[in-house]
Protein chains: 2
Amino acid sequence: MRVAKTQKFHVLEAGRAKDGVAVIEDEADNVVLAKLRELKIAHTTYAHPEVPTVESMMEVLGDRVEGVLTKNLLLKDKKVGSFLVCVTPDRTVDMKTLPLRLGAGEKCNFRLTDCHFLGVAKGAVTPYAAINDIDNVVTVALDAELLKAKFVTTHPLRCDRSVSVSSSDLVSFLDQIGHEPKIIDFSKEVKKSSGSASSSSSAAGKKPTAPLRNKKGTKETLDRLLATKEEDFAGWYAEVISKSEMIEYGKISGCYILRPWSFGVWELIQKWFDAKIKEIGVDNCYFPMFVTKGALEAEEDHVEGFAPEVAWVTRSGQTDLTEPIAIRPTSETIMYPEFAKWLRSHRDLPLKLNQWCSVVRWEFKYPTPFLRSREFLWQEGHTAHATLEEADEMVLDILALYGYVYEELLAVPVIRGTKTEKEKFAGGLRTSTVEAYIAGSGRAIQGATSHNLGQNFAKIYDVRVESESGKLIPWQTSWGLTTRSIGVMVMVHGDNQGLVLPPRVAPIQVVIIPLVYKTCTLDDLAPLVKKVESALRGLRIRVDDRPNYSPGWKYNHWEQKGVPIRIEVGPRDMEGNQATLARRVDGVKKVVPVADLAAVVNEDLDDIHRTMFRNATAARDAKFKQVTEWADFVPALDQDCLVLTPWCGPENQRAEEDVKEKSKLEALQRAGMDAEDVRTATSLAAKTLCIPHDQPTDLPDGSTTCFFTGKPATCWCLWGRSY
Amino acid sequence: MRVAKTQKFHVLEAGRAKDGVAVIEDEADNVVLAKLRELKIAHTTYAHPEVPTVESMMEVLGDRVEGVLTKNLLLKDKKVGSFLVCVTPDRTVDMKTLPLRLGAGEKCNFRLTDCHFLGVAKGAVTPYAAINDIDNVVTVALDAELLKAKFVTTHPLRCDRSVSVSSSDLVSFLDQIGHEPKIIDFSKEVKKSSGSASSSSSAAGKKPTAPLRNKKGTKETLDRLLATKEEDFAGWYAEVISKSEMIEYGKISGCYILRPWSFGVWELIQKWFDAKIKEIGVDNCYFPMFVTKGALEAEEDHVEGFAPEVAWVTRSGQTDLTEPIAIRPTSETIMYPEFAKWLRSHRDLPLKLNQWCSVVRWEFKYPTPFLRSREFLWQEGHTAHATLEEADEMVLDILALYGYVYEELLAVPVIRGTKTEKEKFAGGLRTSTVEAYIAGSGRAIQGATSHNLGQNFAKIYDVRVESESGKLIPWQTSWGLTTRSIGVMVMVHGDNQGLVLPPRVAPIQVVIIPLVYKTCTLDDLAPLVKKVESALRGLRIRVDDRPNYSPGWKYNHWEQKGVPIRIEVGPRDMEGNQATLARRVDGVKKVVPVADLAAVVNEDLDDIHRTMFRNATAARDAKFKQVTEWADFVPALDQDCLVLTPWCGPENQRAEEDVKEKSKLEALQRAGMDAEDVRTATSLAAKTLCIPHDQPTDLPDGSTTCFFTGKPATCWCLWGRSY
């Protein structure tokens with residue numbers, strides 16, 4: 001995690017928003033802020049986008065507010081009671097030793113618990129939430145590290161506000177509301193009487209989880225996931241991508257480091273997709289990342305779509321540039337003026353270019369690794385054709401490849417369709433899309449899009465060719481697939497042990513672990529390991545024969561990283577000339593003779609892919625509803641469903657807006673929530689995902705009416721709450 | 001080209017330098033500026049780095065000064081006399097029709113001529129140079145397009161000054177110095193009596209070169225190179241990379257578009273190098289392109305090396321960022337803070353990462369495509385090791401791969417060596433390098449470098465691991481290969497027909513051209529073409545059977561693009577079941593039976609590589625001199641030589657500085673040039689290239705003394721003028 005414990009943050013001037021964060025006056029109706037004033041505790045209050053997880057909080061507030069943030073766990077044991085444990089963001093809390101640290105006894109079995117009785121949303125469970133614990137059933141426990149920081153910043157009952165106070169004032173506040181906190185010193189080692197804890201008595205304590213000793217007597221740590229996918233999806237996701245070594249959080253908010261384990265997935269996607277587009281005549285190239293203001297702003301709708309998120313370079317060294325230049329948010333405006341130079345004759349058509357690069361969109365919605373980051377990797381294809389039909393064909397060829405990437409590589413089912421006018425690419429003619437579904441959050445997500453740009457950009461950038469019948473304005477397409485696809489894959493397939501990788505994009509498909517015993521050394525096992533290795537030649541394999549880690553540690557490590565198949569090779573296997581195979585997806589284990597290994601593993605890899613795709617499809621289809629009446633619409637959304645409705649027309653932007661607004665208000669009403677919480681409300685609104693290409697057959701009888709306007713329906717439209 | 005004819009540029013405030021360009025007062029000793037004042041012609045004078053070609057001029061001045069620039073050709077025909085033809089930068093002048101446009105008669109055969117009689121350097125041949133034509137032998141001819149621009153900006157006798165005047169004032173100036181200009185209207189079509197010119201009488205004239213008609217009656221243009229490698233190396237290079245479709249100039253000065261023809265070369269380099277580093281355990285990853293000010297500036301020498309060239313993002317949309325963030329000039333400062341998180345135990349070593357990305361260095365030296373651009377593509381490898389020896393081994397493994405890329409892929413010989421203290425990577429321990437030589441310009445060029453960083457960065461970013469003997473500070477390396485390699489390849493191998501591509505990196509290795517005649521259609525030839533194609537399966541081939549281009553056009557096109565082998569398939573070949581093979585490198589042609597084709601082509605591709613490498617090595621070795629006395633040093637440099645000298649020590653930075661300074665002054669003296677022209681002088685100075693790993697055997701007898709200091713020599717050092 002990125003926040004150094006003693007880091008001192010910048011303070012904003014009152015009322016001046018920076019990157020969406022502003023210092024504000026206390027709101028009268030917030031009891032925490034009122035109490036702080038009443039107690040005359042000096043504090044600074046910030047308003048900002050809703051940040052319900054410590055990760056999102058660090059992203060949005062990280063370098064903009066004062067003080068260390070807190071990570072908060074609300075835990076319950078039936079006998080011992082409830083604890084609100086507040087630690088520094090980079091603290092990993094070992095649940096096994098925590099009871100000892102809290103003096104709660106060894107038998108204690110903490111579980112994450114519901115926060116309803118505190119009257120706040122999950123993300124707003126902070127030390128301040130204790131103010132709502134009127135029955136005083138919760139013990140607050142603070143990480144001693146927090147008290148070393150000068151200021152502590154955390155939410156006052158709502159996730160779109162934060163308040164900074166000095167750490168001593170925080171303790172004083174808790175005292176005054178009758179919740180004198182316990183202070184936990186994580187730097188002290190604690191001993192479990194079971195004897196599995198380290199025998200070292202040093203207090204170095206850099207590693208927060210309890211170290212174990214393997215057979216070689218070296219320390220190792222079994223670092224399992226804390227959060228569960230079912231109870232804390234956002235926390236689970238953050239943990240999975242960190243612990244599997246896919247993502248590291250860098251120093252710049254909203255920018256993430258793709259470590260080899262995720263970049264390896266991207267390379268496999270690249271390799272497949274790159275070969276496919278080359279087959280259909282697309283050439284790779286590289287255009288500069290910079291674009292002049294003039295070129296960027298030439299197309300009105302386009303610039304309106306991207307301008308608020310554009311990063312501007314204004315200075316080099318100590319010198320101001322004559323004119324600021326933008327970093328590409330996408331490259332239409334960089335490429336098409338060049339197309340105008342290159343395309344002279346109809347013989348120069350079609351032109352089909354692609355580049356693999358990063359683009360920058362400086363968004364203020366809170367970022368999520370892979371799904372929404374300020375810099376992300378993608379490919380962007382750009383083509384020009386003689387006719388609209390050819391352009392349409394190109395768009396659909398690419399959409400088919402995107403569908404294949406999701407379904408046949410990532411094992412994620414997608415729905416192919418066309419975006420409505422409201423949701424199409426800014427400046428284009430029409431946008432086709434593949435849409436996926438994340439069961440864990442109950443939300444839809446756009447997988448990749450392929451745009452028919454019509455002649456609009458060609459007209460603006462003066463792309464014209466000579467043809468036999470005079471001047472011709474080419475028809476253009478653009479299309480992009482991003483590293484978001486990796487995030488979707490993680491969210492769809494991961495489980496409470498960690499990542500589950502689809503075999504076709506797993507950087508390692510099979511990990512081979514020799515089981516070394518006293519009576520059976522690595523040398524003894526080596527001949528069999530070699531046999532297994534050569535049986536699997538051609539697959540992406542790794543032999544993990546590191547002497548310093550126990551088999552248990554390795555199992556956990558590779559499970560967390562989602563390797564599809566583990567092969568154990570032990571003494572018993574030597575006798576039988578066999579190996580033991582374990583599948584990550586379902587834990588199925590079997591003993592396989594070495595002679596059959598190649599065939600079995602190859603078949604299993606295929607079967608694992610099919611199983612994953614089947615499971616994901618089942619999870620999505622369970623949440624797919626066809627609805628013809630408005631009355632059934634919001635209830636279906638509330639059940640996390642994708643909703644297919646008869647619709648009066650994808651051009652009807654006004655009606656689409658109305659559905660969005662009305663669905664939001666109705667959802668709020670159903671939840672008994674306050675309409676004022678606009679941010680939550682926005683995420684409750686229904687959005688059109690697409691007009692699916694695969695339409696139910698029963699529509700064109702003429703009598704079906706739009707579920708919203710009651711006019712004759714022209715198509716079935718897919719709706720959902722979405723990312 | 002990038003400068004629109006009617007574009008209005010920004011005017012600088014007097015005395016205020018922008019990106020190295022400043023408005024200045026006229027210098028008294030410049031006769032052109034004196035004459036302008038005398039004639040009371042309003043003008044603005046700029047000082048800037050030396051820009052001797054219109055391309056470099058556009059780079060440095062493009063968007064910073066007022067007015068359209070000029071491209072100038074000094075032409076001579078023995079009978080007709082000399083013409084100074086000044087056109088807009090984007091004008092392609094067809095030498096065949098130019099005499100007609102100038103009214104110089106059809107028999108006229110213009111050649112580029114020497115400018116010595118004008119008393120200016122080649123780059124300073126502009127309309128103003130006519131002031132030195134006291135015998136009035138030169139006719140000045142101006143492109144009518146120039147007169148449509150409000151202002152014209154060009155050099156007043158020296159390449160580091162430019163002056164803007166209104167276009168009418170330019171004509172008036174020329175009048176007054178007795179050189180009333182001819183105005184050439186390139187938009188008019190001209191007819192050659194030979195009848196090969198277009199019969200169209202329209203005056204659209206978008207295409208500046210005279211169109212021909214092929215058999216199908218469609219217009220086509222044989223667009224040969226204008227400049228020669230021997231007479232105008234910079235102009236030749238700019239033409240080769242444009243006409244071969246490798247490079248397009250974008251809208252941002254110093255940033256270039258890599259079109260598929262150059263990106264294809266890069267992809268082949270990537271493919272080979274990427275596989276090789278993966279074999280030695282390097283994993284690919286991706287770090288964000290942004291770096292905080294704090295991280296960037298943590299290492300003092302490092303920041304000093306890069307800070308002046310760093311591009312800063314200060315704004316997103318309309319919002320100022322709290323703190324400016326830099327775009328990576330290289331990623332040591334981005335990656336190593338993360339290394340500190342990941343490396344906990346000696347078991348985590350070695351760590352070997354690489355990324356393929358672009359970096360930004362906003363230099364003000366005038367940029368050259370591939371060789372020096374503000375954004376460029378590269379790979380950057382970063383590793384951490386337990387011992388110095390392992391780090392050294394890593395550095396040399398990579399250097400060997402770089403040597404292979406140059407010699408075995410690009411057919412460019414390189415000298416492997418170690419940089420002196422003065423020239424090593426800022427912040428590192430020592431730098432190893434591969435150095436190439438460009439015979440066309442007589443300059444050396446750094447090919448790629450591999451650095452042993454020692455423990456310096458690890459200490460700064462707190463990278464420390466636990467080992468059995470306590471804390472250990474890892475030894476680090478970093479290494480990079482850029483798209484500069486493509487520029488070196490073009491400069492070394494290209495000829496006056498265009499590019500010559502080494503077979504192993506040619507995107508197309510063999511182009512097959514069916515020779516269609518009236519009596520022999522494409523359909524007739526198809527079976528033989530198919531046979532040739534299948535014989536060559538596995539190679540990168542292209543069949544150019546476009547019906548609208550003549551074989552002559554195709555020959556020129558693919559020659560300009562440097563395809564190693566052309567195979568012609570015509571009616572005679574059908575009879576003999578054979579094909580005709582032509583080698584780009586030496587024009588050798590031979591008839592080959594289809595049955596032998598695969599073997600012959602494969603052998604020829606290898607032989608072409610060997611031939612290219614041999615030629616390049618011979619050209620370099622002809623300019624390689626061993627020198628032991630100072631007296632022979634500058635004369636050798638003046639002969640464009642790489643000079644190997646006994647040297648008293650690569651740590652002696654002071655002596656190295658002295659050699660640089662003294663060699664510059666002596667070279668100026670020898671050339672009879674003015675020491676004031678600092679920019680030229682800098683490029684005359686000798687630089688150390690490296691201490692070659694392959695040292696002559698006769699040094700360690702103890703008695704050899706340093707060629708400069710006279711102290712005992714410790715090594716042989718390679719010097720040269722360099723890029």
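Domain bounds here come from an automatic or database domain assignment. I am working on a predicted model.

**Entry 1: domains of chain A.** I looked up how chain A is divided. Domain 1 covers 12-187, and domain 2 is made of 247-289 + 344-493. Domain 3 takes 503-619 and domain 4 takes 624-720.

**Entry 2: domain 1 against domain 2, chain A.** I took the C-alpha centres of domain 1 of chain A and domain 2 of chain A and found them 41 Å apart. Eleven residues of domain 1 and eight residues of domain 2 take part in the contact. The buried area between these two domains came out at about 750 Å², with 57% of that area from carbon and sulfur atoms.

I then asked which residue classes make up the side of domain 1 that touches domain 2. I noted four nonpolar, two polar and five charged residues there. For salt bridges between domain 1 and domain 2 of chain A I got a count of zero.

**Entry 3: cysteines.** How many disulfides are there over all chains? The count comes to zero.

I checked Cys641(A), which is in no disulfide. The nearest cysteine sulfur belongs to Cys717(A), 16 Å away.

Cys690(B) counts as buried because its relative accessibility is 0%.

Methods
Residues are numbered from 1 along each chain as its sequence is written. Chains are lettered from A and ligands numbered from 1 in the order in which they are written. This is a predicted model: local features need pLDDT of at least 70, side-chain atom pairs count only at pLDDT 80 or more; totals for chains, interfaces and linings use all residues. Side-chain values use heavy atoms; hydrogens and water are left out. Contact means heavy atoms within 4.5 Å. Buried area is the accessible area (1.4 Å probe) that two parts lose on being put together, summed over both. A salt bridge is a side-chain nitrogen of Lys or Arg within 4 Å of a carboxyl oxygen of Asp or Glu. Ala, Val, Leu, Ile, Met, Phe, Trp, Tyr, Cys and Pro count as nonpolar, Asp, Glu, Lys and Arg as charged, and the others, Gly among them, as polar. A disulfide is a pair of cysteine sulfur atoms within 2.5 Å. Buried means under 20% relative accessible area, exposed over 50%, partly exposed in between (1.4 Å probe, protein chains only).
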